[in-house]
Amino acid sequence: MSDDAPSNSGFAFRSQVRAGGERVLAFLTREYRHSDAATWAARLAAGEVEVRGIPARGDEVLRAGDVVVWHRPPWREAAAPLDYAVLLEDGALVAVSKPSGLPTLPGAGFLTHTLLTQVRLRYPGASPLHRLGRGTSGAVLFARTGSAGAALSRAWRENEVGKVYRALAVGEPEWDSLELQVPIGPVPHPRLGRVFAASAEGKASRSVATVRERRAGQTLLDVAIHTGRPHQIRIHLAAAGHPLVGDPLYGPGGLPRPDLPGLPGDLGYLLHAWTLHFTHPVTGQAVRVEAPPPDALRPAPER
């Protein structure tokens, strides 16, 4: 494949209209904030957008319930590491270790350069039971059957899956272990409109951080999460005054950085999904999956 060859066969993005009265061009510009009105006008002129099965001009007035479809032509996706390690495999499930830089699911310009696509090349029909942020490495669990997926999804909802992460944070906390319960919800973001962060009006969340190793100006932590809010560890540690080393988005207080903050998928931080603990949906046995952390997230005796 040449450097400029498409990575995929294109994709149809569908958005349902909740309230009518808006014109197609205005709807697209608001719904897909990554492109301005002039870019959407060009896509409309190229016949890439349809409404009610008919190519749209852009000035049509939408009705509630309409589905706007953008047929994005094939494109060249950003580079991402596509290799992953298999940690556990049987007829019901597969657990893999995702590298940092590889998105779990399609989005933000990624379609085939995702863990989901790569895993399904080897395990057709496998469905992820959770997701990690693009910059987060480590264990991701997939179900290979509908019954296994239903049982494990129920266990996830009922907090019967144990999850421990490794994180490298700024500073040297005075505590050895700390329970974090800052609520998480949407807050303003200058580039996205809204992003999840610490919010008094947000949903309850709980993490427990334990010091693993103290370093000069940094601390290696084990973080057990008991809820699954977006970017929970990044937000909780930042709210505690110890944001992740290199985090481009979250600063003190668990909020977007006051200078122009990064995007949730930007890289630079060190966070690793280290272990998963759960009951096997078929055998009923206790399972522990461990994804070996990178050297930067290992205490000195293990490096």
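Author: The account below begins with the basis of the model, then treats the pocket, and then turns to the chain around it.

This is a predicted model, in which local features need pLDDT of at least 70 and side-chain atom pairs count only at pLDDT 80 or more, while totals for chains, interfaces and linings use all residues. Residues are numbered from 1 along each chain as its sequence is written, and side-chain values use heavy atoms, with hydrogens and water left out.

The largest pocket holds about 1900 Å³ of space. A pocket here is an open set of points on a 1 Å grid over the protein atoms alone, where a 1.4 Å probe fits and protein lies on both sides within 12 Å along at least five of seven lines; lining residues have an atom within 4 Å of a point. The volume is the space filled by probe spheres set on the points, which are joined across faces, edges and corners. The lining comprises 49 residues, and those closest to the centre of the pocket are Ala 108, Arg 131, His 231, Pro 264 and Gly 265.

By residue class, the lining divides into 24 nonpolar, 13 polar and 12 charged residues. In this division Ala, Val, Leu, Ile, Met, Phe, Trp, Tyr, Cys and Pro count as nonpolar, Asp, Glu, Lys and Arg as charged, and the others, Gly among them, as polar.

Several elements supply at least two lining residues each: β1 (11–16), β4 (67–72), α4 (146–157), β9 (162–170), β12 (193–198) and α5 (232–239). Helices (H or I, at least four residues) and strands (E, at least two) are DSSP runs, numbered from the N terminus. The chain has five helices and 18 strands.

The centres of the two domains, taken over C-alpha atoms, are separated by 36 Å.

The UniProt record, an unreviewed entry, places the feature "domain: Pseudouridine synthase RsuA/RluA-like" at residues 93–239. UniProt positions are given in the numbering used here, feature names are shortened, and annotations may be inferred rather than shown by experiment. Over residues 93–239 the chain is 19% helix and 39% strand, with the end C-alpha atoms 35 Å apart.

Seven of its eight residues are buried, so α5 is largely enclosed by the rest of the structure. Buried means under 20% relative accessible area, exposed over 50%, and partly exposed in between, with a 1.4 Å probe and protein chains only. The buried residues of α5 are Gln 232, Ile 233, Arg 234, Ile 235, His 236, Leu 237 and Ala 238. Just after α5, Gly 241 takes a positive phi of about 90°.

The elements α4 and β9 also contribute to the lining. In the loop between α4 and β9 is Asn 159, which has a positive phi of about 55° although it is not a glycine. Most residues other than glycine have a negative phi. Asn 159 counts as exposed, at 52% relative accessibility. Within strand β9 is Gly 162, which is partly exposed, with a relative accessible area of 27%. Gly 162 and His 226 are 64 residues apart in sequence, and their C-alpha atoms are 7.5 Å apart in space.

Strand β8 (residues 137–143) contains Ala 143, which counts as buried at 3% relative accessibility. Pro 124, in the loop between α3 (115–122) and β7 (127–128), is exposed, with a relative accessible area of 68%.

For the chain as a whole, 45% of the 303 residues count as buried. The C-alpha atoms fill a box of roughly 65 × 45 × 40 Å along the principal axes. With 303 residues, a compact globule would have a radius of gyration near 19 Å, and the 21 Å of the chain agrees with this. That radius is taken over C-alpha atoms, and the globule rule is 2.2 Å times the number of residues to the power 0.38.

Note on methods:
Domains from an automatic or database assignment.
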